[in-house]
There are 2 protein chains.
Amino acid sequence: MPAAFAAVALAPAPPDATPFDRRLGEILHAAAELFAEQGYAATSIRDLSRRCGASLAGLYHYFHSKQELLFLVQRHAFQTVISAARAATPPELPPEARLRAFVASHLETFLAHRPWMTVLTHEDEVLSGDYLRAIAALKHDYYQLAREIVTALPLPPALAPRVAVMSLFGMLNWIYTWHQPKRDPGAAVLGEQICAIFLRGAAPTVRRRRPARS
Amino acid sequence: MPAAFAAVALAPAPPDATPFDRRLGEILHAAAELFAEQGYAATSIRDLSRRCGASLAGLYHYFHSKQELLFLVQRHAFQTVISAARAATPPELPPEARLRAFVASHLETFLAHRPWMTVLTHEDEVLSGDYLRAIAALKHDYYQLAREIVTALPLPPALAPRVAVMSLFGMLNWIYTWHQPKRDPGAAVLGEQICAIFLRGAAPTVRRRRPARS
DNA sequence: CGTCGGTGCGAACGTTCGTTCGGTTCGATT
DNA sequence: AATCGAACCGAACGAACGTTCGCACCGACG
């Protein structure tokens, strides 16, 4: 079983990793790109061997099956998202600040590691068995964090918390389908605007609280 | 070329259609279900022949290729969504009422014809060539309608209209991943809650305008 | 009565798939 | 120097894929 690497850095490679883990990291990176571009089912192991300059058989030294390959990509991606969100949202923060921190963390991670996160959101139900259970557990952890943060807000009584959480995730997870780095705002500005919608709405009836003294 | 049927009813079949169109409707219905359950790439024509009790070769009397099959499913679904939304949102409506009508129409259509709409949102970029262009044009029409409706609202100046439209679509299109008919509210209540979030936010600072006299 | 087009099917074609087999290379270890 | 295991590869296996071929059925129409 391959040792998991540090669960924080996704992009290049941790310099202290073993050659095996470094190479595995490259392979997972290429797999994430291909899965994001073509979809899991439409990507062949031969595509992957072409993309990362290895032979078909040689790849199987790093995973046992195509399903495990997807599992490793998704687990790595989820661990990155979750550890970033946990670090960014200490429970001591006031509710609204904590929400803003959560949204900012989510967007920064998603825009910085887009192929990985595309695989996370788009290939959601294709795993099965123990792989599915393990990923579902990570997903549950992440949603649980969001649930805590959202339910700490003073929600209107008519608004079901589950609908609020899922609507927030809808705004956040839909971004991979439309965001163009050259055209659209970056993570910080985008986060502010989405928080503005989620907290105060796109057509608030009144001014914000405590307008700055002029 | 198969004549398109009436573009309104998706579920059973128009009673005045030719036998060919009625059978085609059944096939597209089964295809929509399979594509929604397994994904387009992971669904084989043999799966489809099993599901609708036809032979493999016989199916090819109703479409020329698997790509065209997906195209027919997506076009039919988009025509249904668009005609419903157009009928529900006459331009004379005041901006907020028009938005509420749009959201209600979207949710009713999506919850009533879930497999079709799952295919629409999940298999978004798999077509190519003329098929892609035709579906992209329909998608553009639908987004254009949403853009008109959203930009008629008094958006805060700091909120990019494109971000507002895409966030709204994010909330709406994400629903197919989490909504459980037995657990979650129906289209009407769900529409109210999502409109409440989108218009006034999940944590508004002040009461709504004009509280009813008590 | 004959035939003709729409509808259907079994069988097959060529391709690609995920996976495995057998063998080679090579640095580290004994 | 001998040995071992990790890393790697060319070639192949059986299965499944999208699609097509050739033929049977059958109601409509001359």
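This is a predicted model: local features need pLDDT of at least 70, side-chain atom pairs count only at pLDDT 80 or more; totals for chains, interfaces and linings use all residues.

Start with chain A. Of the 214 residues in chain A, 38% are buried. Now take the contacts in chain A between residues at least 6 apart in sequence: 65% of them join residues at least 24 apart.

Next, one helix in detail, on chain B. Helix 5 of chain B covers residues 95-112, which is 18 residues. At 1.5 Å a residue it should span 26 Å, and its end C-alpha atoms are 26 Å apart, so the two values agree.

Which residues of helix 5 of chain B are buried? The list includes B:Arg98, B:Leu99, B:Phe102, B:Val103, B:His106 and B:Phe110.

Now the two chains together. A rotation of 180° with 0.0 Å of shift along its axis superposes chain B on chain A, with an RMSD of 0.0 Å. The two copies are therefore related as by a two-fold rotation axis. In chain B, the C-alpha nearest that axis belongs to B:Gly201, at 1.9 Å.

The contact between the chains takes 39 residues from chain B and 39 residues from chain A. On the chain B side, helix 8 (161-174) and helix 9 (187-200) each supply at least two residues. Helix 8 of chain B gives the largest share, nine residues. By class, that side of chain B has 26 nonpolar, eight polar and five charged residues. Of the interface residues of chain B, 100% are also interface residues in chain A, so the copies meet through the same surface.

Last, the DNA. How many residues surround DNA strand C? There are 17, and the closest are A:Ser44, A:Ser65, B:Ser55, B:Ala57 and B:Gly58. Helices from both chains each supply at least two residues of this surface: helix 2 (45-51) and helix 3 (56-59) of chain A, and helix 1 (19-38) and helix 3 (56-59) of chain B. The surface near DNA strand C has nine nonpolar, five polar and three charged residues.

Key: Residues are numbered from 1 along each chain as its sequence is written. Chains are lettered from A and ligands numbered from 1 in the order in which they are written. A residue is near a molecule or strand if its C-beta atom, placed from the backbone, lies within 6 Å of it. Helices (H or I, at least four residues) and strands (E, at least two) are DSSP runs, numbered from the N terminus. Ala, Val, Leu, Ile, Met, Phe, Trp, Tyr, Cys and Pro count as nonpolar, Asp, Glu, Lys and Arg as charged, and the others, Gly among them, as polar. Two residues are in contact if their C-beta atoms, placed from the backbone, lie within 7 Å. A residue is buried if 20 or more other C-beta atoms lie within 10 Å of its own, exposed if 12 or fewer, and partly exposed in between; C-beta atoms are placed from the backbone. Copies are superposed by least squares on the C-alpha atoms of residues with pLDDT of at least 70 in both. The expected span of a helix is 1.5 Å times one less than its number of residues.
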